Amino acid sequence: MPDKTILRALRGERQPIPPVWMMRQAGRYLPEYRATRAQAGDFLSLCYTPELAAEVTLQPIRRYGFDAAILFADILLIAQALGADLWFAQGEGPRLSTITTPADLARLKPVDAIDEVLSPVYETVRILSRELPRETTLIGFAGAPWTVATYMIAGRGTPDQGPAHALREADPATFDALIDLLVSATIEYLSAQVSAGAEVVKLFDSWAGSLKGEAFTRYALEPTRRIIAALKERYPGLPIIAFPREAGQGYVGFAKATGADCVALDNSVSADWAAANVQVDGCVQGNLAPGYMVTGGDELVAETKRIVQAFSGGPHIFNLGHGITPDADPDNVQRMLDAIRG
Ligand code: CP3
């Protein structure tokens, strides 16, 4: 049997039709997701109920036949597993207890305690590796330490990650200890996902773009490099996707510096620029603006084809530049797929 298309791209193979999946492909834009989420009661119960988490992971695969399925979970579950309180306020996004002092940090649990909370996630992975179509690749994931730390420090999402920047400047020892804890926990969390059947893992560094210069190297690049090195030692050949969102020039050389097999691109960089400056080093993933899934029309088709064309000279996994939004039209996803697959 020929290898799965996503795995071929991650090995550096150029394909005439790029494989495709979407960030947040299991989400509120799908009526079947909203129904299963209502059945679960709330978002965290959905994440921690393996049968239902597997069901929402499979829904977009059944509907669209994406080349990859991404485990349904959230990057903030690891904070909860380390002992932070986590809840989702209706319509307001995540809320957590805050980490701002050495005492807050000392109250967190040791890394070997995380499986107690996260074992339902591993069960979701096991169900999916049995139930996915044989051509579909299963992607596991975690948040990168910097991005998870921004939520743990502020206790919520922040427009400029101000509280995390303030802590790293005021108390670098506490901040570095939190990053180190998250590096170790993420290595264990992703290892357990791989042992349960994840074929690829992705690190989401959604707020990497607010780190500049030396801080980008220290807190975006370096933790990612450490996690990848440990995972590759345990699982030689495991393909890993890194997503230092809004890194701009920081995308250049990121794969080589971290050992990632693929760099995911957000839609603030042009596909032509990224083909010349990032794809020269290997596989890239991206980068259609998610807004086209709302607006649709001829522009959606033209922009999709333009991105396929721009990356056609090398290995490419088609994706959005960020997650699909709840107001997207499910028919536009099919239009995008038709434009890619012809
Ligand atoms: O992509 C997928 O389909 C897999 C599942 C997944 C979710 N979150 C489900 C989710 C993944 C990979 C994530 C990653 C995630 N979570 C990130 C990194 C990627 C990014 O978007 O930048 C971040 C920063 C989070 C934290 C988080 N989770 C926020 C800020 C929110 C609220 C915003 C929102 O969209 O409502 C969530 C909730 C969340 N995670 C939802 C989903 C489907 C919506 C919850 C709901 O059903 O109400």
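Let me begin with the second largest cavity. By class, its lining has seven nonpolar residues, two polar ones and one charged one. The residues in question are Y251, V252, G253, F254, A255, V263, V278, D281, G282 and C283. The space inside this second largest cavity comes to about 40 Å³. Please keep in mind that this is a predicted model.

How many cavities of 30 Å³ or more does the structure hold? There are two. The largest cavity has a volume of about 70 Å³. Its lining includes Q15, P16 and P18, and also V308, F311, S312, G314, P315 and H316. Sorted by class, that lining has five nonpolar and four polar residues, and no charged residues. The second largest cavity, as I said, does have one charged residue in its lining.

Next, the pockets. The largest pocket has a volume of about 1300 Å³. It is lined by 43 residues, and those nearest its centre are R24, R28, F43, D74 and F88. The lining of this pocket has 22 nonpolar, 12 polar and nine charged residues.

Which helices and strands each supply at least two residues of that lining? They are the helices α2, residues 31-40, α3, residues 43-47, and α8, residues 145-154, together with the strands β2, residues 86-89, and β3, residues 93-96. Of these, β3 gives the most to the lining of the largest pocket, with three residues.

Now the ligand. Where does the ligand sit? It is in the largest pocket. Around the ligand there are 21 residues, and R28, Y33, R37, D74 and S206 are the closest. R28 and D74 were also among the residues nearest the centre of the pocket. The shell around the ligand divides into 14 nonpolar, three polar and four charged residues.

A polar side-chain atom of Y33 lies 2.5 Å from an oxygen atom of the ligand. For S206, an N or O atom in the side chain is 2.5 Å from a ligand oxygen atom. R24 takes part through its backbone, where a polar atom is 2.7 Å from an oxygen atom of the ligand. Taken alone, the ligand exposes 860 Å², and the protein buries 87% of that.

That is the end of my part.

Technical notes
Residues numbered from 1 in each chain as written. Predicted model: local features only at pLDDT ≥ 70, side-chain atom pairs only at ≥ 80, totals over all residues. Heavy atoms only, no water. 1 Å grid on protein atoms, 1.4 Å probe; cavity = no way out; pocket = protein on both sides within 12 Å on 5 of 7 lines; lining within 4 Å. Points joined across faces, edges and corners; volume = space filled by probe spheres on them. Nonpolar A, V, L, I, M, F, W, Y, C, P; charged D, E, K, R; others polar. Near = heavy atom within 4 Å. Polar contact = N/O pair within 3.5 Å; in protein donor to acceptor, adjacent residues only side chain to side chain. Areas by Shrake-Rupley, 256 points an atom, 1.4 Å probe, with all protein chains shown as cover. Sits in = over half its atoms within 2 Å of the grid points. Helix = DSSP H or I, 4+ residues; strand = E, 2+ residues; numbered from the N terminus.
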